[in-house]
Amino acid sequence: MDISIIFKIAAVGLITALVNTLLKKADKDEIATLTTLAGLVIVLIIVINMIGQLFDSLKTVFGLF
């Protein structure tokens with residue numbers, strides 16, 4: 001794991017917050033909520049991929065399967 005993953009997650013958060021703020025000021029609250037959910041899903045996919053890589057590494061280290 002390197003620090004670029006943290007920067008990717010932070011960038012998704014900042015972009016999501018910016019879009020959310022712009023949409024709320026334009027009275028598009030429903031779309032703002034959907035963009036927030038989309039940002040959350042993107043971050044969850046990144047984290048799930050990292051957890052999968054962790055389990056693969058653990059299998060390799062301990063010689064499982």
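Which residues in H2 are buried? In this predicted model, Ala32, Gly39 and Val43 are the buried residues of H2, where buried means under 20% relative accessible area, exposed means over 50% and partly exposed lies in between, with a 1.4 Å probe and protein chains only. The protein has two helices and zero strands, and helices (H or I, at least four residues) and strands (E, at least two) are DSSP runs that are numbered from the N terminus.

Because the model is predicted, local features need pLDDT of at least 70 and side-chain atom pairs count only at pLDDT 80 or more, whereas totals for chains, interfaces and linings use all residues. Residues are numbered from 1 along each chain as its sequence is written, and side-chain values use heavy atoms, with hydrogens and water left out.

**Overall form**

- The protein has a radius of gyration of 17 Å, while a compact globule of 65 residues would have one near 11 Å; this radius is taken over C-alpha atoms, and the globule rule is 2.2 Å times the number of residues to the power 0.38.
- Taken along the principal axes, the C-alpha atoms of the protein fill a box of roughly 55 × 20 × 5 Å.
- Of the 65 residues of the protein, 12% count as buried.

**Helix H2 and what follows it**

- Helix H2 covers residues 29-62, which is 34 residues, and from its first C-alpha to its last it reaches 49 Å, close to the 50 Å expected at 1.5 Å a residue; the expected span of a helix is 1.5 Å times one less than its number of residues.
- Just after H2 comes glycine 63, which takes a positive phi of about 70 degrees.

**How the two helices meet**

- The buried residues of H2 pack against helix H1 (4-25).
- The axes of H1 and H2 come within 8 Å and cross at roughly 175 degrees, which makes H1 roughly antiparallel to H2.
- Axes are lines fitted to C-alpha atoms, for helices over the stretch in contact, and angles run from 0 to 180 degrees between N-to-C directions; angles under 35 degrees count as roughly parallel, over 145 as roughly antiparallel, 65 to 115 as roughly perpendicular and the rest as oblique.
- By class, the contact of H1 with H2 has twelve nonpolar, five polar and two charged residues, where Ala, Val, Leu, Ile, Met, Phe, Trp, Tyr, Cys and Pro count as nonpolar, Asp, Glu, Lys and Arg as charged, and the others, Gly among them, as polar.
- The residues of H1 that meet H2 include Ile5, Ile9, Val12 and Leu23, and among those they meet in H2 are Ile31, Ile46, Val47 and Met50; contact means heavy atoms within 4.5 Å.

**Buried residues at the contact**

- Glycine 39 lies in helix H2 and counts as buried at 8% relative accessibility; leaving aside neighbours within four places in sequence, glycine 39 is in contact with Val12 and Thr16.
- Threonine 16, which lies in helix H1, is buried with a relative accessible area of 16%, and it touches Thr35, Thr36 and Gly39, not counting residues up to four places away in sequence.
- Although glycine 39 and threonine 16 are 23 residues apart in sequence, they are 5.9 Å apart in space, C-alpha to C-alpha.
- Asparagine 20 is found in helix H1 and is buried, with a relative accessible area of 17%; not counting residues up to four places away in sequence, asparagine 20 touches Ala32, Thr35 and Thr36.

- Leucine 34 lies in helix H2 and is exposed, with a relative accessible area of 56%; leucine 34 and asparagine 20 are 14 residues apart in sequence and 8.9 Å apart in space, C-alpha to C-alpha.
- Leucine 18 has its place in helix H1 and counts as exposed at 54% relative accessibility.
- Aspartate 27 is placed in the loop between H1 and H2 and is exposed, with a relative accessible area of 65%; the phi of aspartate 27 is near 60 degrees, a positive value in a residue other than glycine.
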